[in-house]
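The entries below follow the order in which I went through it.

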Amino acid sequence: MAATANTASGNEIEKKKSGGNRKKKGAHHIAGYVFISPWLIGFLLLTLWPIAQSFYLSFTEYSLLEDPVWTGTDNYTKIFTNDTTFTKSLSVTFMFVLFSVPLKLFFSLMVALALNKNVRGMNLYRTAIYFPSLIGGSIAVAALWRNMFGIDGYINQVLAWFGIEGIGWISNPDTSLGTLILLNTWQFGSTMVIFLAGLKQVPQELYESASVDGAGKVRKFISITLPMLSPVMFFNLVLGIIGSFQTFTSAFIITKGGPINSTYMYAMFLYEKAFKHYQMGYASALAWILLTIVALLTIINFAASRYWVFYESDGGKPK
Amino acid sequence: MLMLAIMLVLSACSGGGNGGNKEKNTDNKGNKDSGGAKTLSIMWWGPDARHEATKKALDIYTQQNSNITFKPEFMAWDAFWQKLPTLAASKSITDVLQMDAAYIHEYVSRGQLEDLSDLDLNGIVDPNVIDNLQIDGKLYGIPLSQNAQGIAFNKTELDQYGIPHPHKDWTYDEFFQWARDARAKLPDGKYPIGDTTTWDSFNYYQTSMGKSPIMSDGGKTFTLDKDLFMTFYQTYEQFRKDKIVPPAEKAAAFLENDPQADPMASGVVMTRGATTGSVSALEQLMPGKVGVVNMPVGPAGGGWAQSTIFLSVSANSKNKDEAKRFVKWFITDKEAGKALGLTRGIPINPDIYKELEPNLEAKDKLGKELYDLSVDKALPFYSPAAGFSEWVDMYKKEMEAVTFGQQSIEAAYNKIDKMGKELAAKAGSK
């Protein structure tokens, strides 16, 4: 009950605020811009201008050492018609996204459910389980992964107890991408925390009335928890897809994109084009293609969300 | 993604960020007449030992020339070559910078380095060495040291299994036969030699057989001898079957100079490539166990032995005279020589080396030994031509696919040859 009341009063405040702003329109325009100018200048000079520049550079050949030379759409033509590495890195990245996003969502939801209980010392468990995400995509984690999945790593040592001869998980082109997907899944902390917050928001009275109607645990999960969590799940899905497309550190440090390009992520391809082969124009074109892909996927996601995401404020029905 | 896009462009615009540097230089210009204080910016790559030694040498220079101070920047190899192009793009390369034989052509061809031909190096550097280093008749980098490519071997374990040490000037046939014989004597899980997937190993082979290097004439001529290519890699293909080289999966996990993952220090492979400058790092991982021999040779010779590390001066420097004076001092001054030791290989100046010789450590002697073994049969040092860095990566990936059994040697040859020829045509049309 309390939760619903809070939301209502929150909405009222929002309405009052926007109404107030409308009245003062004009008078404080300049003052407003002055107040946000530190951010605005930063945004224009350090974000928008470089983005515009990179768009221009994507139509040039630019080695950094010489001035950019306008080449029209040559970069794009080459990328789409005559660059097998582009196709390869894109397919590697798609595979990565396809597997790691659902796995991570599923895994972090399960952990969040387990942690959403009233048990003594729960905070301690939560901290311990969140901890791996604090160390993030760091070099230390990459080193850990190498020690675990390397040819003489811990995984293979454990397998050896059962008489199984392990393979070099990281150095085998068939399994190397899998180890990176696992790594990404293991770093579920922030996704899990968002799920946990979502779970806390589910009104208890829904469960109570369902119990009265005789619903079991599974039924409650499917009919109450999942629909109530769908906005949070949507949020995690969108961020997960965007984040996975940009995966760089793990591939760069653990596998260096190899063996034989099996973990050559798009972001790494882009980076190497720019800073190893000095083809800034080409790399800029790659960046814009990635932006387009991610934007398209996000639009599709939003379009699809109306069929499965459930907002309480919309009267309880997905459109 | 957005971040990457921003990063790309930021690096493109880094001219603004380096403005401070330029201002400082203009200030200095104003002081020039009065002989006022100057700050020389200097940048190099290397391991910690080199950083410490170089900083010490800079302090000595400041003591001797109180008007000169330094703004040093030092980092590892990868970081250095990532940073340098962005500095070049904004015309803010440091006054003095370390240069490598693998990149100097690229920077010279783009007018980034100052001509140092007028420095008098008589009695400091062997005139033959200078002749060798000239690009279009001009000297763009002061050589700092002698370096050589050879092969390190695990002498302790070879003795243990009764395998003879490789001998100086072994031919490629002898090298391959040595590997076959050693296989028979080594236990499972140990291998006589490593596999090869990089362009330079094959380039050594091709040039030792008297053919021209893969890239020549500044990248305008591309020669990949198909017969030699097939022979070389078919030999290794057979070696993979006979377990003379480690399986591809194992090879992909090796990491040189890592205590656990180094192919040789981990005790898995009995030999690996090493240079005068790098063998000391290996010796430190396995003290007293490392022996050295020169590269296998063919009718034309084999390996290389020459200077590959230089100090250059930026063509856009505002302190060219001071910078030139400093680079000459760097290889002339005895005190500096002592501070620097062998952190860049064997000092190019024979007088300085003579001073250091009595106190050399075992790891340094190994480097000298490698150089002495290599020098009489040495071929020139072949670096990737400007614009071929991508081809270098592609070569390795295609050959990796061969070692994993995913494609035939011939298929790899065709792809590598095609891209090489395309790049050569592009270089020729400029």
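**Domains of chain B**

I began with the two domains and noted that 21 residues of domain 1 of chain B are in contact with 24 residues of domain 2 of chain B, where contact means that the C-beta atoms of two residues, placed from the backbone, lie within 7 Å. This is a predicted model, in which local features need pLDDT of at least 70, side-chain atom pairs count only at pLDDT 80 or more, and totals for chains, interfaces and linings use all residues. Residues are numbered from 1 along each chain as its sequence is written, while chains are lettered from A and ligands numbered from 1 in the order in which they are written.

I looked up the bounds, which come from an automatic or database domain assignment: domain 1 of chain B is 38-147 + 306-374, and domain 2 is 149-305 + 383-428. Taken over C-alpha atoms, the centres of these two domains of chain B are separated by 29 Å.

Which element gives the most to the side of domain 1 of chain B that touches domain 2 of chain B? I found that H17(B) does, with 10 residues.

**Confidence in chain A**

Next I checked pLDDT, the predictor's confidence in each residue, from 0 to 100. Chain A averages 84, and 88% of its residues score at least 70. Within chain A, helix H1 (residues 2-23) has the lowest confidence, at a mean of 45, whereas H14(A) has the highest, at 94. Helices here are DSSP runs of H or I with at least four residues, and strands are runs of E with at least two, numbered from the N terminus.

**Helices H2 and H14 of chain A**

I then followed H2 (residues 29-57) and H14 (residues 280-305) of chain A, whose axes come within 7 Å and cross at roughly 115°. Axes are lines fitted to C-alpha atoms, for helices over the stretch in contact, and angles run from 0 to 180 degrees between N-to-C directions. H2(A) and H14(A) are therefore roughly perpendicular to each other, a term that covers 65 to 115 degrees, with under 35 roughly parallel, over 145 roughly antiparallel and the rest oblique. I noted that H2(A) contributes A:Ser54, A:Phe55 and A:Leu57 to the contact, and that H14(A) contributes A:Met280, A:Gly281, A:Ser284, A:Ala287 and A:Trp288.

**Between the chains**

Last, I turned to the contact between the chains, which takes 37 residues from chain A and 27 residues from chain B. H14(A) gives the most to the side of chain A that touches chain B, with seven residues.
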